[in-house]
Structures are given as structure tokens and as C-alpha cells.
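Open the model in your viewer and keep the selection tool at hand.

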Amino acid sequence: MSASVLPASPPADTSLHDAASDLRMATFRLARRLRAQRAVDTMSDGQFAVLAALHIHGGHTLGELADRERVSAPSMNRTVNCLEESGYLTRTADAVDRRKVNIELTDAGTSVVTETVRRRDAWLEEALAELTPKQRATLAAASIVMRELAER
């Protein structure tokens, strides 16, 4: 069997541990390939994650971003400083509570997110085109289960 052909079902003797390990490694490898498709080569995955969070969820405070990305506030502050210096986001005082600072995407930040998503989707679409219809159907079904796992 070639490496690109998915087996119909795992062998009966495959343990849950082995299945979990195989899924983890396949997921990491695919994620690495997708992360390589980016609009700005010098941007870290963490920096892009912040831009993507702001793009999807709108403006945040520094604390909200740190919580969302599961990092410390000082670490998020360093990331935000770098992105702000690069022109990808802005900080503005909250209109109601002047002690709060809101962080929002600039047009340049939005462009980076949009172009990176476009590149990643194009790469994945090209890769999926090389699979059989049955393999694509299997991956479509698996993506539903993977999303459910990720949302637990």
C-alpha cells in the first residue's frame, strides 16, 4: 500500500495508545506543513495566532489576548509590542474606561491574516486534489470528529 492511501480501518490489534500517537503525529505534521504557508516568513506562529484571534473575535485587551492564547500577560505584551512596531495592530484607550487599552488589527494586519489563510487553503486544496474521492470523504468525516475533540 502506498503512503498516500488510507487503510479502510485500523488493524484489530491496534491499541488506543498507538492510535492516539499516530493521530497526534499526523496532526502535527499536517499543521507544520500548513503553518509553513504564510504571508510573512519572519512572523512566528504565536504572532500570527494573535492576529488571527483579533481577526476572528475582534478587539481584545492584553489580558484577554493572553488568556485566549494561554500565555502570560508579559509574554503577550512582548508579542503585541512586536506586532504594533511592525504596523499589524494598534492599541487605543477604551472610550468608557480609560484604564483599559484595546488592541485591534490594522489594515496591514488584516491583509496578513487574509493572505496567509488564502495560501494555506490553496496549499491544502492542491494536496486534497491528489487524493481519491474516497480519501477526501474520509478526511471530511474525520475533520468533524477532530473539531469535536478540539472543542472539549
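Here is the tour, one selection at a time.

This is a predicted model, where local features need pLDDT of at least 70, side-chain atom pairs count only at pLDDT 80 or more, and totals for chains, interfaces and linings use all residues. Residues are numbered from 1 along each chain as its sequence is written, and side-chain values use heavy atoms, with hydrogens and water left out.

**Stop 1: H1 and H5**

Select helix H1, residues 16-35, and helix H5, residues 107-129. Helices here are DSSP runs of H or I with at least four residues, numbered from the N terminus. H1 and H5 pack at about 125 degrees, with axes 9 Å apart. Axes are lines fitted to C-alpha atoms over the stretch in contact, and angles run from 0 to 180 degrees between N-to-C directions. That makes H1 oblique to H5. Angles under 35 degrees count as roughly parallel, over 145 as roughly antiparallel, 65 to 115 as roughly perpendicular, and the rest as oblique.

Now show side chains. From H1, Leu 30, Arg 33, Leu 34 and Arg 35 meet Arg 120, Trp 123 and Leu 124 of H5. Contact means heavy atoms within 4.5 Å. By class there are four nonpolar, no polar and three charged residues. Asp, Glu, Lys and Arg count as charged; Ala, Val, Leu, Ile, Met, Phe, Trp, Tyr, Cys and Pro as nonpolar; the others, Gly among them, as polar.

**Stop 2: Arg 35 and Asp 45**

Stay on Arg 35. What does its side chain meet in a salt bridge? The partner is Asp 45, at 2.9 Å, N to O. A salt bridge is a side-chain nitrogen of Lys or Arg within 4 Å of a carboxyl oxygen of Asp or Glu. The pair links H1 to helix H2, 10 residues apart. The count of salt bridges comes to six.

**Stop 3: H2 against H5 and H3**

Select H2, residues 45-57. H2 and H5 pack at about 100 degrees, axes 9 Å apart. That makes H2 roughly perpendicular to H5. H2 brings Phe 48, Leu 51, Ala 52 and His 55; the H5 side includes Val 112, Val 113 and Arg 120.

H2 is roughly perpendicular to H3. Ala 49, Val 50, Ala 53, Leu 54 and His 57 of H2 meet Leu 65, Arg 68 and Glu 69 of H3.

How values were computed:
Helix = DSSP H or I, 4+ residues; strand = E, 2+ residues; numbered from the N terminus.
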